[in-house]
Amino acid sequence: MMNYQNKKSSGFGLVEILVAVTIIGLSLASLAGLGNFALKIQNRLKKNMTASYLAAETIEAARAVKDEDWAILGALSVGAPFHPVQSGSPAKWSFSSGSETITGFSRQIVFANVYRDSNDDIVQSVNTLDPNTKKVTATVSWSDQGQSQQVSLSTYLTNWQPE
């Protein structure tokens, strides 16, 4: 009788091993997929952070130009794209027309006039032009897996010491 039970259970051990190997294989495959997803997210975050740094650098370049000479900002065409350029010794920021491409990222800065109402609040509609304030928008764009991505930063620059 004992011999009959051993023959019955000997095939059962092989089935258990096959089930265990299948479960482990499926687990490893799902972990590999999760790892691949994590790498894609990390790459996307890295590109987003790089774009944010480029946009912030562009805004800081505009601040540096403003601090150097407000008239330079006032002379730039409103609504036209520019990009920051560093030149000279010591290096100083200036702006060239158009956008620039840096390792797959395209960046530009656009200056806009600012209008104020009778309470001296900034308004969107055309009211009273404030010649001592400019709205600055820095935009960095790139392509990620065939999709366009973009980061934009906006701020207001003020000539707080008009002559």
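Glu100 counts as buried in this predicted model, because its relative accessibility is 18% and the cut-off for buried is under 20%. Glu100 sits in strand E3, which covers residues 100-102. Its side chain has a polar partner: the side chain of Arg107, at 2.6 Å. Leaving aside residues up to four places away in sequence, Glu100 touches His83, Pro84, Phe105, Ser106 and Arg107.

Now to the strands E1 and E2. Strand E1 spans residues 81-87 and strand E2 spans residues 92-97, and the two pair in the antiparallel sense over 6 bridges. One of the bridge pairings joins Gln86 to Trp93 in E2. E1 and E2 form a hairpin with 4 residues between them. In that turn, Gly88 has a positive phi of about 90°.

Ile24 counts as exposed because its relative accessibility is 52%, and exposed means over 50%.

| Residue | Relative accessibility | Class |
|---|---|---|
| Glu100 | 18% | buried |
| Ile24 | 52% | exposed |

Conventions: Residues numbered from 1 in each chain as written. Predicted model: local features only at pLDDT ≥ 70, side-chain atom pairs only at ≥ 80, totals over all residues. Heavy atoms only, no water. Buried < 20%, exposed > 50% of the residue type's maximum accessible area, 1.4 Å probe, protein only. Polar contact = N/O pair within 3.5 Å; in protein donor to acceptor, adjacent residues only side chain to side chain. Contact = heavy atoms within 4.5 Å. Pairing = 2+ DSSP bridges.
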